[in-house]
Each structure stands twice: as C-alpha cells, then as structure tokens.
Amino acid sequence: MNVSRQKDRRNGFAFPEPIFTRQMNGPRPKGRMERRLPIIVGIRLVQGAGANTDGEERTYTDNISPLGARVFSKRHWQPGDLVEITPVIEKPVLGEIIYCQRLPDERYSLGVKFEEGPVTWSMLQRYARS
C-alpha cells in the first residue's frame with residue numbers, strides 16, 4: 001500500500017498525509033463559505049415568523065454576513081427552529097437556527113442562516129466596503 005507520508009518537524013515521526021491536502025473527488029464540503037464580518041449589532045430575536053413580541057429577546061450579534069449571523073441568546077434553541085431577527089432601524093429577516101452552542105456564562109451562541117437569501121442591511125454594506 002502506497003501512502004504518502006508527512007514528517008513532523010518537531011520529532012521526525014512520519015504521519016499519513018492529512019486528507020485535506022489530497023485531491024478530493026467526492027461531494028463538496030458542507031459549512032459556511034462566505035466571509036463573516038466581526039460586527040456587533042443590537043437585535044430583537046423572536047421565535048418564528050411574524051410572532052408577537054411576547055418572549056422577544058433583545059441581544060446582539062457576534063458576527064454577520066449577507067447569508068447568516070452568529071447571535072447570542074439567553075435561551076436554548078434547536079437546530080431547525082425559525083427565528084425573526086430585527087436589527088435597530090432595519091427590516092426584519094427570517095432565519096433558521098443551524099447550531100446552538102452552550103457558553104460558560106449561562107448563554108448560548110446561535111448560528112443562523114438567513115432564509116430569504118442575502119440581506120442588504122446598511123451596516124453590512126458600509127463595512128463590506130472597508
């Protein structure tokens with residue numbers, strides 16, 4: 001069996017070449033392909049589309065892109081849940097929770113994919129040019 005090897009520079013041991021350096025003929029990798037901007041934006045987070053303001057949470061983003069955002073929350077969400085995200089003075093958008101990660105400080109980090117395609121919020125347009 002001919003396996004290409006790569007030497008570890010610290011101690012000289014040879015390891016199999018990492019899979020990501022080989023030519024991939026299979027399906028494309030899953031995950032985010034766009035660049036996220038580290039923009040903190042105050043938002044209103046409500047479960048579902050057109051939901052009333054009961055149970056709304058005022059929180060903020062960690063980073064955003066035209067296709068999604070990382071948002072902080074005080075509650076646990078399930079992947080697949082729909083949320084309405086409304087930044088201050090912007091149009092609300094519907095997003096799908098992709099992941100919910102518990103943080104050490106009793107909060108959660110949510111990965112949200114915007115359902116209706118790329119958003120055109122003014123802060124994205126302003127910082128994307130920089």
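Apart from its neighbours within four places in sequence, Thr59 is in contact (heavy atoms within 4.5 Å) with Val41, Gly42, Ile43, Leu45, Val71, Phe72 and Ser73. The structure is a predicted model, in which local features need pLDDT of at least 70 and side-chain atom pairs count only at pLDDT 80 or more, while totals for chains, interfaces and linings use all residues. Residues are numbered from 1 along each chain as its sequence is written, and side-chain values use heavy atoms, with hydrogens and water left out.

Thr59 lies in strand β4, which covers residues 57-65; helices (H or I, at least four residues) and strands (E, at least two) are DSSP runs, numbered from the N terminus. The relative accessible area of Thr59 is 12%, and Thr59 is therefore classed as buried, a term that stands for under 20% relative accessible area, with exposed meaning over 50% and partly exposed the range in between (1.4 Å probe, protein chains only). The side chain of Thr59 also reaches the backbone oxygen of Phe72 at 2.5 Å.

In the chain as a whole, one helix and eight strands are present, and their order from the N terminus is β-β-β-β-β-β-β-β-α. Of the 130 residues in the chain, 34% are buried. Among the contacts with a separation of 6 or more, 51% are between residues 24 or more positions apart.

Strand β8, formed by residues 108-114, has six of its seven residues buried, so that this strand is largely enclosed by the rest of the structure. Two strands are taken to pair if DSSP finds at least two bridges between them. Strand β5 (residues 68-73) runs antiparallel to β8 and is joined to it by six bridges, with Arg70 standing opposite Gly111 in β8. Seven bridges join β7 to β8, and these two strands likewise run antiparallel; here Tyr99 stands opposite Gly111. A hairpin is formed by β7 and β8 with five residues between them, and Glu106 in the turn has a positive phi of about 65°.

Strand β7, residues 93-102, also contains Glu96, which counts as partly exposed because its relative accessibility is 23%. Leaving out neighbours within four places in sequence, Glu96 is in contact with Gly80, Asp81, Leu82, Gly111, Val112, Lys113 and Glu115. Asp81 is 15 residues from Glu96 along the chain, and the C-alpha atoms of the two residues are separated by 5.8 Å.

Notes: A polar contact is a pair of N or O atoms within 3.5 Å; within protein, one must be able to donate a hydrogen and the other to accept it, and residues adjacent in sequence count only if both atoms are side-chain atoms.
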